[in-house]
Protein chains: 2
Amino acid sequence: MARLIDTTGYLIAPDPGAQRLTREVAGTDQTGARTRTRVVEERPLTIYLNAQEIVTAMTIGDYPEYLALGFLRNQGMLRDAEAVTGVEYDAELEVVVVRTTSTTSYEEKLRKKTRTSGCAVGTVFGDMMEGLEGLTLSQTSLRTSDLYALSAVINRTPSLYLDAGAIHGSVLCQGDRPLVYMEDVGRHNAVDKIAGWMLSERVDGADKILYTTGRLTSEMVIKTAQMGIPVLASRSGFTAWGVEIARQVGLTLIGRLKGHRFLCLSGEERLIRDADPASIPDEDRAGRRKGAEE
Amino acid sequence: MARLIDTTGYLIAPDPGAQRLTREVAGTDQTGARTRTRVVEERPLTIYLNAQEIVTAMTIGDYPEYLALGFLRNQGMLRDAEAVTGVEYDAELEVVVVRTTSTTSYEEKLRKKTRTSGCAVGTVFGDMMEGLEGLTLSQTSLRTSDLYALSAVINRTPSLYLDAGAIHGSVLCQGDRPLVYMEDVGRHNAVDKIAGWMLSERVDGADKILYTTGRLTSEMVIKTAQMGIPVLASRSGFTAWGVEIARQVGLTLIGRLKGHRFLCLSGEERLIRDADPASIPDEDRAGRRKGAEE
């Protein structure tokens, strides 16, 4: 496991230096001393599907087009990229409009959905389950050596998290290589931005792994399955329904992945245990996330 | 600061032994050994205001009545307890119905709201800001000795978090005493359950402190202000808009509260620095939350 840790192989990596994403704020610390603290931005972004206003999301503000596309895709409102004729972002109005060829079926469904459900935890659950019946995830295997390598690279990648904290990260990976690392104030947004990128670039999920800093809830499992990705891994823990849905759809669910430790609560059959956990170092200071950004 | 740590003074404390809230799940660890892991439950709960379906929340499932009341209150759909004539929970249907005397004004507002906004991060933001104009929070002072004492007690209180992880906590406190400690899979739910309890018990927020395990986002700050609570403290970090709104409404915002450390980024004037940070021990293993349940 003496692999080099290369944090430069990303197609999209966080840009912690981007001025628009963080702000320095004055305050005091426990001793009363004046401090300057970098904190992440949080902005409203209103997503339209054609003329229909769908949602206002609180987001850090990067990749609004991917966020809009991915949100609509993961809500089952966009089935494929063919239908999308344009995505327009207006920074001043903080609005993204996704345009599709046929407007009627999606928008009628939406009107029904927003009227009957709304949402309290980020998604319209009933509708999200819809696309999962009959879904078969690819049987691509997962080497534990890749899992450890991914975890080490991701934790050392310069990020808004390491700089300012209070943010979630999701990373689309293939083998031992992280491809697209998105961050956002809501973990749903980070995943939706990845889904939007996949839709735009016509990237298939079948040979991918999704890594997230967040908990493995039903919602995260459903989104991952809808993206066609057979493996979801996280530093954090599980919910019972997250595990149950992962088993139903045959998704491999890895949690509490820190240093040499992890737990697999679903989809064990994809695991190839080619790494000796005893050879994996505990997380050192550089690799350890700052603790409970809960 | 040699205060005794008493974790028994709660009006409502977590009940980690409650069978309905967690489940044991079989899996494997990094060595391939079979494991049994306790994970938290996550259930849908549909909230009705009279005949109008408002939202389906994913929740751990305890205190559904408080969750419904608090959600509606924090969304500005219930202005006071007078209007509430009943709260009915049906465990089998996973439904709570909140009944009020006058139905028209709230429900008309709702129909408009759910049609135009929906939500992506847990709340209908535009409408939540509505109740904040002209709000004045009480100037109750905050002793740093109380802050440290609260943090020590809360972190040692038996909880679902310590047992099963992957859950958020919010605690309503007064002085150095935690009163009501709610946990839930979504931190919004934990806070909403506290708001529902306050509404039911007609508890005033003016002399209270709200402690949360979650990040200090705009939404958390708005909810706290709407509950009339002048101080919000967290183990986690800040977002820029959270800080900005806290300053606008004059709320004291304490973040990254761990061991002797904290940052105050708004409402410094309420702080009475009566504790010597050097006398506060670093978090020991018993007091440390398990890390990033993000």
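Which residue takes a positive phi in the hairpin of β3(A) and β4(A)? That residue is A:Asn50, with phi near 55 degrees, and the hairpin has 2 residues between the strands.

One of the pairs to look at is A:Leu49, whose bridge partner in β4(A) is A:Gln52. β3(A) also pairs with β6(A), residues 95–100, this time in the parallel sense and over 4 bridges. There, A:Tyr48 has A:Val97 of β6(A) as its bridge partner.

Next, the domains. Chain A is split into domain 1, residues 43–130, and domain 2, residues 136–279. The contact between them involves 20 residues of domain 1 and 21 residues of domain 2. On the domain 1 side, β4 (52–59), α1 (64–74) and α3 (125–130) of chain A each supply at least two residues. α1(A) gives the most, with 9 residues. Sorted by class, that side of domain 1 has 13 nonpolar, 5 polar and 2 charged residues.

Now a helix pair in chain B. In general, two packed helices are described by the angle between their axes and the distance between the axes. For α7(B), residues 218–226, and α8(B), residues 240–249, the axes come within 7 Å and cross at roughly 25 degrees. Angles under 35 degrees count as roughly parallel, so α7(B) and α8(B) are roughly parallel to each other. From α7(B), the residues in this contact are B:Ser218, B:Met220, B:Val221, B:Ile222 and B:Ala225. They meet B:Trp241, B:Gly242, B:Ile245, B:Ala246 and B:Val249 of α8(B). By class, the contact has 8 nonpolar residues, 2 polar and no charged.

Last, confidence. The model scores ipTM 0.83 and pTM 0.88. Chain A has a mean pLDDT of 86, and 84% of its residues reach 70 or more. Among the elements of chain A, the highest mean pLDDT is 98, for strand β11(A), residues 231–234, and the lowest is 49, for helix α2(A), residues 104–116. Over residues 112–125 of chain A, pLDDT stays under 50, and the model has 45 contacts beyond four places in sequence for this stretch. Residues 290–294 of chain A are also below 50, with 24 contacts beyond near neighbours in sequence. Where pLDDT is low, the predicted coordinates should not be read in detail.

Key:
Residues numbered from 1 in each chain as written. Chains lettered and ligands numbered in written order. Predicted model: local features only at pLDDT ≥ 70, side-chain atom pairs only at ≥ 80, totals over all residues. Domains from an automatic or database assignment. Contact = placed C-beta atoms within 7 Å. Nonpolar A, V, L, I, M, F, W, Y, C, P; charged D, E, K, R; others polar. pLDDT = per-residue confidence, 0-100. Pairing = 2+ DSSP bridges. Axes fitted to C-alpha atoms, helices over the stretch in contact; angles between N-to-C directions. Parallel < 35°, antiparallel > 145°, perpendicular 65-115°, else oblique.
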